Amino acid sequence: MPSLPPPRTTELFYGGAWHPVSVRETTTVSITRGLSGTGTRAAPASATMLLGNRQREVSVHDPESALYGLGRNTPVRFSVQGGGPHLAFPASGFPVVSTPDHASLGVAGDLDVRVDVAPTSWSLPAALVSRARTTGSQISYLLCLAQNRVPQLLWSPNGTFASRRWVAATAPVPAYHGQRIVLRATLDIDNGAGGCTIRFLYARRLDSPLWLPIGDPVTLSGTTTIFDGTAPLDVGKSDLSLTPDGFSGLPSVSGRIHAVQVYDGAALKVDMRPEKQALPGAGSFTDGAGRVWTLAAGVALSNRHVRLEGEVPAWAPERHPSGNDSVMSIAPAGIMRRLGTGKRPLDDALHRLITASSPIECWLMTDGTQAAAGAPLRGAGSPMRSTKSDSKIAWGKGALAEWLTPVVEIQTGVNSDMSATVASSSAAATGWAVEWVRAGVGNVEFFRFMDRNGPASRLEWTVVTDQPADAVRVVVEEMSTGTPTVLINLTPAGIYDGRPHHIRLQTFVSGGSTFWTLYIDGEIVGGSSYASPTTALSDLRYTSLLAATGSQPISIGYLTYWGTTAPDPEDVYRAGSGFPGETAADRVVRLAGEQGVPLDLDGEAADSEPLGVQRPAKFLDTLETASDADLGYLLERRDARSLLYRTRASLYTQAPVLTLDYSQGVISGELRPVPDDKLTRNDIAVTREDGSTARAVETQGPMSVADPPSGVGRYEDAVTLSLEADAQALQQAWWRVHLGTTPGLRYPRVTIDLANPRAAALAHDILAADTGDLIRLTHLPDEYGPDPVDLIIRGYTEDIGEKVWRITFICDPGTPWRVGIYDDNAHGKYDTDGSQLTSAINATAISISVTTTAGARWTIDPAEMPVPITIGGEEMRATAISGTGLVQTFTVVRSINGVSKTHPAGAPVATARPAVYAL
């Protein structure tokens, strides 16, 4: 039995570095992470631990202690050592792991390089796998990272750098800093069309059946070869000082490398997997192909795993009544705990964009109903107020859109005005922009902007919104002559429809002239030049003519004055519109960036759900609105004080990070499958916020709304989501019905005792498993069913102490997340609409007759074989199918899942693990 407690390290971060502190060996550290219930937002990670304080090591309240004054939310990190090691590369120097030249390292055919790596930064250039020496022209190949996450592959046909050929991926690696993935590069030296083809791919695990492309394949003219020289094979460092493009520097990698494989065609030449082949702390090891690897320059074989990085919200000293002992009790928590405090909602999206973009001045005009003027946002200008006693200006009464803060309403019955001054700003010396948002019909309005030119050349710029003429005009007036010039008379303007519209006038000065542009709703609607230069503005004035019969009130807000660095008007318009159509991942990333909260993205933003408008809510609630629509996971990273958003698509069709063989005794206690209906939903209505409602109802099969025994009866649910379009509601409803009609048993908890030697042998994989990953249970008792069970981890609890090291995973069914992959033999087989055995078969028959009763017949294409099928709970593998009529003959391999029995005529025949359309 492994000794307990396992080696543990607790560290506090202060003074710019991590410092170890002592956890009492006799106490148990308990950690809880992940999602609870059925939501998409994790609870803050939490832990409990006792720090030794007998010598006042962590007496943060004691002025004589070295840590006196250490405050709330001090960063804390807790790690354990267990399982096989990985290669840990330091952040400095020239660390390398190398094996000397050997005949087996040569690649005569197609090259396939795979590296299981978690770099500290994916954005920095780094050598990964290199068989190259510039001295003596011994260059074979190099796989590396260049700037901005882009992998590159170099090779030389004759060993010289001058003859090198290289290719960069057409897209960046879709991984966040520190994330572990398997990066793969393949070189087809002769693609059959007179050229060679290079592909870059990635997977989450080395043995994954699913490899996803990084960009498009790249084809070069001319076939090629790979030089077989005498250079050693280096991991983490290269003798080449430049990336293949010859420009960027190429330092050593920093971070972790878990495995390296090199194939010559289908032949595995290098199989370096230290977690299975090495011992922690060793200086060398032998890989699966018999090659000896030596560590140098600070590389270590480490089996350290960070189990929690969080913050200490409070320090609670405890002294034994005898006075002979003292401890400090702490309860570290993830950053969601701190981020979830308070009740203040986020400012609306337009307010946040303006604030983040640092205008010269802005009058949001979102002042409350008791306000007498509009306060300046930055304080560099005077309040926006009226000089007329009879102006009808109602603060806090105007409505631009329900997702924007109430603004000022200009009422009818009298002409009204407002004005404000601004201090001189060098940021607007050679150009400026003024913009605002209006809604309503109105009558005629004037926005006037006076510049700071001297009396002889002072200019006043005016934007006139003229509802009766359905026009917008831009007028400039030389104040010394009183002569106005109409620069544009845009008609129809299309802005008097009651909806919010964004207007911007932008200028820049060049060659003694002013070039101006008018934008409406983020698009250019006119522009030209005026033969006099303008300068920074001195004041802004607004006049409304709403006394005329037929005038209607208008709402105005977000009047903003920019210099030459104004944000893109399309971005401002999108913010004012609440960013409709923004994907869930893009919204989460944007909001976290605006809030200054670290957040990492697992998955590609483009694959997440397009959302409706962003509405006012607290920060984490706004993120949860996005994750609810996407059905992704809003989490905390385990190894960093950062949020993590895992997209829905990242949960699809995963290879298991951990496989647990029940028959080997690696699952502790009783594995209790639950035949309950907690997750069952077969009648779901989805409403788009302020949109239509769609309903999906499962009417066929054993999980349908039909009364038992034909179905399970009706299980209803309803949800309102932020969605861009009404059509998404029906798609969402059917996907949620799919998730809610998974047949079979549930396994809500899987417990593993790492003090069990059989489980300890899997410690490397067990400790790698995290929220959102897939685990697989195999060889379950017959009464649990014949097939492996896939589970998605929603969270876990972990206890690590003197007498226990136990992890309990909280799980959801993983089967419904296995979706189809186009043109993939393993995941691209669609199910039959209806098929059955033509005649009965015994337990050993390998030729069976199948009749198609509905839909298309079975494929007879040999390239599509084998086809997994299931009959009466027995899985078979069809290696050939013949016949073009309704009755076809299958040649099968029996008892793939261990079930072997007879089957009657008419028994349903279906595809095993059929492809499912993803949301």
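These legends go with a set of close-up views of a predicted model.

**View 1. The whole protein, before zooming in.** Along the principal axes, the C-alpha atoms fill a box of roughly 100 × 80 × 75 Å. Strands number 54 and helices nine. Take the contacts with a separation of 6 or more: 67% of them are between residues 24 or more positions apart. The accessible surface is about 37,400 Å², and carbon and sulfur atoms hold 51% of that. As for charge, there are 77 positive and 95 negative ones, with mean positions 4 Å apart.

**View 2. Leu87 in the largest nonpolar core.** This core has 49 residues, and Leu87 and Tyr141 touch the most other members. Setting aside residues up to four places away in sequence, Leu87 touches a list that includes Val97, Ile257, Met272, Phe285, Leu295, Val299 and Leu301. Gly255, Arg256 and Pro274 are also among the residues Leu87 touches. A second, separate core counts 48 residues, among them Val23, Leu308, Ile330 and Leu660.

View 3. His764 sits in helix 9, which runs over residues 763-768. With a relative accessible area of 6%, His764 is buried.

**View 4. Two cysteines, Cys362 and Cys811.** Cys362 has a relative accessible area of 0%, so it is buried. Cys811 comes in at 3% relative accessibility and counts as buried as well.

View 5. Pro708 and Pro709 are joined by a cis peptide bond with omega of about 5°. Pro709 belongs to the loop between strand 43 (693-697) and strand 44 (716-721). Another cis bond links Met865 to Pro866, this time with omega of about 0°. Look for Pro866 in the loop between strand 50 (847-854) and strand 51 (867-871).

View 6. Thr653 isn't a glycine, yet its phi is positive, about 40°. Thr653 lies in the loop between strand 40 (643-646) and strand 41 (658-661). Its relative accessibility is 8%, under the 20% cut-off, so Thr653 counts as buried. Asp690, also not a glycine, has a positive phi of about 60°. Here the loop is the one between strand 42 (683-688) and strand 43. Asp690 has a relative accessible area of 59%, over the 50% cut-off, so this residue is exposed.

Key
Residues numbered from 1 in each chain as written. Predicted model: local features only at pLDDT ≥ 70, side-chain atom pairs only at ≥ 80, totals over all residues. Heavy atoms only, no water. Core = buried A, V, L, I, M, F, W, Y, C linked by side-chain atoms within 4.5 Å. Buried < 20%, exposed > 50% of the residue type's maximum accessible area, 1.4 Å probe, protein only. Contact = heavy atoms within 4.5 Å. Helix = DSSP H or I, 4+ residues; strand = E, 2+ residues; numbered from the N terminus. Areas by Shrake-Rupley, 256 points an atom, 1.4 Å probe, with all protein chains shown as cover. Lys, Arg positive; Asp, Glu negative; His and termini not counted. Charge placed at Lys NZ, Arg CZ, Asp CG, Glu CD.
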